Amino acid sequence: MYIFSTLPQIIHNDAVSPLLAFGRYLKWQYCRLFRRFPRIANLTPDSKLLLERPSGVGALVMTFGMYDFNNMTMIRSLLRDDSDLVFFDVGANIGTYTLVAAETGAQVISFEPHPTTFKDLEQNVALNERSNVVLNNSAVADHDGFVTFTNYHEHALNRIDPAGGLEVPCLQLAAVFEQVQPEKAIVKVDVEGAELLVMKGLQGYYDRCSVL
């Protein structure tokens, strides 16, 4: 995170006070510059995140903890209030949303196609001993089969791209809904521009999505 784009986030973030966030940000910069990795950061009081290497997601977690405070708080509140809801994390990365949702005891089904990022996701679910999480090492798109995926050093930027260097499996979300048969679901999608493909692959099950 660059300081001029980070300062407004520090000032206006609802998760922590600006002074605490700025101190955490300086600690993150120290860890990044002197390669103090791997390390464990606190996502919430009940969930920890293993950071194997510097990353944008790691910077946000170390600085703010629950960095998407409003969205994450809403999801956690909804899942706690309704035991029938199933949480689908499409584009799980290293597991921030997955872990926040799993704290509630709800069933969580997560998708992360990049092999290295998926290993980090597996480690974080195991670290927090979340047995209510099902992990899928696949992309989500409008067909079952394979897609070409990028392989950037900053894993949060990886996405479906015909010019990418990785071939990864993909599936339609409708097929997962058909198998799991959730009465109601919360679906979070963060796939770097391929959201329309995800939506096309969910056709026939929009009525099951309480929140999308």
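Strand S1, residues 39-44, gives the largest share of the lining of the second largest pocket, 6 residues. Bear in mind that this is a predicted model. Helix H2, which runs 18-33, also supplies at least two residues to that lining, as do H3 and H4. In total 18 residues line the second largest pocket, and those nearest its centre are Arg24, Asn42, Leu43, Val61 and Gly65. By class, the lining divides into 11 nonpolar, 3 polar and 4 charged residues. The volume of this pocket is about 300 Å³.

Now the largest pocket. Its volume is about 550 Å³. Lining it are 38 residues, with Val90, Gly91, Lys188, Asp190 and Val191 the closest to its centre. Which element gives the most to this lining? That is S9, with 4 residues. S9 covers 184-189. Other elements that each supply at least two residues are helix H3 (56-64), helix H4 (69-81), helix H5 (96-102) and strand S6 (139-140). You will recall H3 and H4 from the second largest pocket, where each also supplies at least two lining residues. For the largest pocket the classes come to 24 nonpolar, 8 polar and 6 charged residues.

Rolling a probe the size of a water molecule over the atoms shows where empty space is left. How many cavities of 30 Å³ or more are there? The count is 1.

Last, the protein as a whole. The secondary structure comes to 8 helices and 10 strands. The radius of gyration is 17 Å, close to the 17 Å given by the globule rule for 212 residues, so the protein is as compact as a globular protein of that length. The C-alpha trace spans about 45 × 45 × 30 Å along its principal axes. Of the 212 residues, 49% count as buried. The accessible surface is about 10,500 Å², and 53% of that surface belongs to carbon and sulfur atoms. As for contacts, take those between residues at least 6 apart in sequence: 61% of them join residues at least 24 apart.

Please look at the structure on the screen while we discuss.

Methods
Residues numbered from 1 in each chain as written. Predicted model: local features only at pLDDT ≥ 70, side-chain atom pairs only at ≥ 80, totals over all residues. Heavy atoms only, no water. 1 Å grid on protein atoms, 1.4 Å probe; cavity = no way out; pocket = protein on both sides within 12 Å on 5 of 7 lines; lining within 4 Å. Points joined across faces, edges and corners; volume = space filled by probe spheres on them. Rg over C-alpha atoms; globule rule 2.2 N^0.38 Å. Buried < 20%, exposed > 50% of the residue type's maximum accessible area, 1.4 Å probe, protein only. Contact = heavy atoms within 4.5 Å. Areas by Shrake-Rupley, 256 points an atom, 1.4 Å probe, with all protein chains shown as cover. Nonpolar A, V, L, I, M, F, W, Y, C, P; charged D, E, K, R; others polar.
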